[in-house]
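My notes follow in the order I took them.

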Amino acid sequence: MVKAGRREWLALGVLTLPVLLISVDMTVLGFALPYLSEDLAPTGAQQLWIVDSYGFLLAGLLITMGTLGDRIGRRKLLLAGAAAFGIASIIAAFSTSAVMLIVARALLGIGGATLMPSTLSLIRTVFTDDRQRRIAIAAWAATFSGGMALGPVLGGWLLEHFWWGSVFLINVPVMVLLLALGPFLLPEARDPNPGRFDPLSAVLSLAAVLPVVYGIKKIAESGPDLLGIGAILVGFAVGIRFLNRQRQLADPMLDLDLFRDRRFSVSVGTNTLGVFALSSVFFLAPQYLQLVLGMSPVTAALWMLPATAAGVVSSLAAARLAGRFPVPKLIGIGLLTAAAGFLALTQVGVESGLAALVAGFVLVGAGVPLSEALTTDLAISTAPPRRAGAASAISETGFELGGALGVAVLGSVATAVYRSELPWTAPAAAKDTLGGAVATAQQLPPWQAAELLGSAQQAFVHGIQVSAVLGAVLLAYTAVQAMVLLRTHREGYRGRHEQRRPAGQTP
């Protein structure tokens, strides 16, 4: 067993820096939107692109960037991405027009796509011992979970004291620190025989993921329509073309043989479905706290912190527990815990749901990260070291798609229930969202406002309850599937992994 020393743990600290910022950036913008909209006056379409351009390019380029890191060097790609991310953050902070901010957000997405697979694949390179690698990946996952919850709290504080550009400018000193320490603490790693890079595969992978993510978000925002469904179908068609090309190439961008190993494919699928469920809670819980219970955004964010703390603790505990108990069983326990959390969410009400929501959110927040830490480690360690970047990118693409699908599917279920239960006499603006009902009520006489808000809040709560039941069923099924499909491979995992590693080292 090769022990990790002080230098390796310092390297882990460096590798968690970009993960923290990327996850913060996913949630912090929502607080800044009203302020930057007042300053830059974007159109409705421009405002959507300000929000979406980052996530679209991040998701669409992960596979390309992960494979590129295998070819040119993962540290080199990480440092280049850090420089791009820092420059794009400065451009975003000092944007003078909506178009300028859209371009800056797109550049942030490109930079983020280089950072994410590089950090995870370098962890595989730095930590060659199974137990210590699990600890490192658990810390990586805990940082990501913590950053998503830190975003709203940090965003609220910054906007109370500074201008809206500060939510982007906080990225710069962290990227400077990464660029200063990375060359000294991080080893270079690449595929020694990468083969030729296929530009058409890069284009096809982007053209496959972007329409799917766009279609999912479109359906989540406005319900199933021709544009959203058509975009998803186009993405699937291009994706089939991409996969066919990978089978024909001598040096494919995406090594489809990775999926032949059940441990890899089941781990990626389990991770995707876990994030699917978790993202729906992040979507519905803030609306419930603010629009039903009447909390301020910062107060609502603070009530979500216990779930984040539970996620950090469970992620870090995953590595220790994996040394004592079968990994498939732990994955199942994590997902069943999250399923219990969804059942607790069925008890939320219009006037007395805070305790049920916090309890359910804590269980979901503890259970899904426990599973994610273990499935991520299993997926990365199963792949050969020379393909660590590509394997990391596949895992994170599943994460992104799972997050988008969770909001679209379970969020749409909650929205459909909400719309169906509102009285037909309700104003049209109130039938779209609960936020629309709250805004409409402010313009009505008090007795009409109370009646509209009461029916809208009750409909929204019922939507949460229905989507929570579906989430619990999905997680319970995913737990059983993971335990059954991974159980027979637990012992073989270590033996094959050790044989794959030459002389205890990774390239």
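**Aromatic pairs and their surroundings**

I began at W164, which is buried, with a relative accessible area of 5%. This is a predicted model.

How many aromatic pairs does the structure hold? I noted 3. Another of them joins W9 and F127. That pair is tilted, at 4.8 Å centre to centre and 50 degrees between the planes. W9 sits in helix α1 (residues 6-40), and F127 in the loop between α4 (98-126) and α5 (130-161). The pair therefore ties together parts that are 118 residues apart in sequence. W9 is partly exposed, with a relative accessible area of 32%. F127 is buried, at 1%.

**Core**

I went on to the largest nonpolar core, which has 126 residues. Which residues have the most contacts inside it? They are F168, Y288 and F342. I listed the neighbours of F342, leaving out residues up to four places away in sequence. F342 touches A277, S280, V281, V364, S467, A468, G471, A472 and L475.

**Helix α3**

I checked the length of helix α3 (residues 74-93). Its 20 residues should span 28 Å at 1.5 Å a residue, and the end C-alpha atoms are 28 Å apart, so the two agree. I also noted buried positions in α3, including R74, L77, L78, G81, F85 and S89.

**T143**

T143 is in helix α5. Is T143 buried or exposed? It counts as buried at 17% relative accessibility, because the cut-off is under 20%. Its side chain reaches the backbone oxygen of A139 at 2.8 Å. Beyond its neighbours within four places in sequence, T143 is in contact with T16, V19, L20 and S23.

**Confidence**

I finished with the confidence scores. The protein chain averages a pLDDT of 79, and 88% of the residues score at least 70. Among the elements, helix α12 (residues 327-345) has the highest mean pLDDT, 91. Helix α17 (residues 490-500) has the lowest, 37. Over residues 489-507 pLDDT stays under 50. For that stretch the model has 46 contacts beyond four places in sequence. Where pLDDT is low, the predicted coordinates should not be read in detail.

Note on methods
Residues numbered from 1 in each chain as written. Predicted model: local features only at pLDDT ≥ 70, side-chain atom pairs only at ≥ 80, totals over all residues. Heavy atoms only, no water. pLDDT = per-residue confidence, 0-100. Helix = DSSP H or I, 4+ residues; strand = E, 2+ residues; numbered from the N terminus. Contact = heavy atoms within 4.5 Å. Phe/Tyr/Trp six-rings, centres within 6.5 Å; stacked < 30°, edge-to-face > 60°. Buried < 20%, exposed > 50% of the residue type's maximum accessible area, 1.4 Å probe, protein only. Core = buried A, V, L, I, M, F, W, Y, C linked by side-chain atoms within 4.5 Å. Expected span 1.5 Å × (residues − 1). Polar contact = N/O pair within 3.5 Å; in protein donor to acceptor, adjacent residues only side chain to side chain.
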